[in-house]
Amino acid sequence: MSDTPTEPMPHVTIYTDGGAKPNPDGPGGWAAVLLSGPHERAISGGEPSTTNNRMELMAAIMALETLKNPSVVTLYTDSQYLRTGITEWIANWVRKGWKTASGGAVKNQDLWQRLDATAKRHRMTWRWVKAHDGHPMNERVDAMATAAREAIARGPRRSA
């Protein structure tokens with residue numbers, strides 16, 4: 001046994017959102033706000049051609065990959081696809097070699113594998129929050145994801 005005291009894992013609360021318009025194959029944006037004690041970090045990004053589900057996954061991935069150390073994480077999402085996928089479906093997908101219950105390929109396998117790998121570094125609790133229901137942090141990440149999507153849709157800025 002080591003004489004070095006172990007540091008308690010920090011607790012981080014994360015709110016995420018993502019979307020694409022049009023869905024599928026439109027520009028998409030994702031966003032996350034990470035809260036830990038007095039610290040707050042907001043991140044966002046997007047892709048020119050994607051889906052709502054890929055952006056929901058990217059929001060969670062990017063938030064978790066932002067954390068430098070293993071943490072106790074409570075992640076809030078308005079995506080049942082994300083929450084149910086990571087808490088219920090993924091174990092069966094892995095066991096079946098990334099096949100669905102009907103034997104088809106798992107959609108977004110690349111992102112599910114990335115999310116699974118980064119989530120395993122942390123003690124995770126996944127929470128669902130109803131979208132567009134006035135929850136201040138969900139509304140905030142929704143606005144951030146929309147702004148990221150709109151910036152992607154406008155394309156690169158051109159100098160005069």
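The protein contains 4 helices and 5 strands, where helices (H or I, at least four residues) and strands (E, at least two) are DSSP runs numbered from the N terminus. The model is predicted: local features require pLDDT of at least 70, side-chain atom pairs count only at pLDDT 80 or more, and totals for chains, interfaces and linings use all residues. Residues are numbered from 1 along each chain as its sequence is written, and side-chain values use heavy atoms, with hydrogens and water left out.

From the N terminus on, the elements follow the order β-β-β-α-β-α-α-β-α. The radius of gyration, taken over C-alpha atoms, is 17 Å, close to the 15 Å that the globule rule (2.2 Å times the number of residues to the power 0.38) gives for 160 residues, so the protein is as compact as a globular protein of that length. Of the 160 residues, 41% are buried, meaning under 20% relative accessible area with a 1.4 Å probe, protein chains only.

The 5 strands of an open sheet are arranged as β3-β2-β1-β4-β5 with mixed pairing; two strands pair if DSSP finds at least two bridges between them. The edge strands, β3 (39-50) and β5 (123-128), each pair on one side only. Strand β1 (residues 11-20) pairs with β4 (residues 72-77) in the parallel sense over 6 bridges, and isoleucine 14 has leucine 75 as its bridge partner in β4. Helix α2 (residues 80-95) packs on the sheet, touching β1, β4 and β5 (contact: heavy atoms within 4.5 Å). The direction of α2 makes about 145 degrees with that of β5; axes are lines fitted to C-alpha atoms, for helices over the stretch in contact, and angles run from 0 to 180 degrees between N-to-C directions.

Conventions: Buried < 20%, exposed > 50% of the residue type's maximum accessible area, 1.4 Å probe, protein only.
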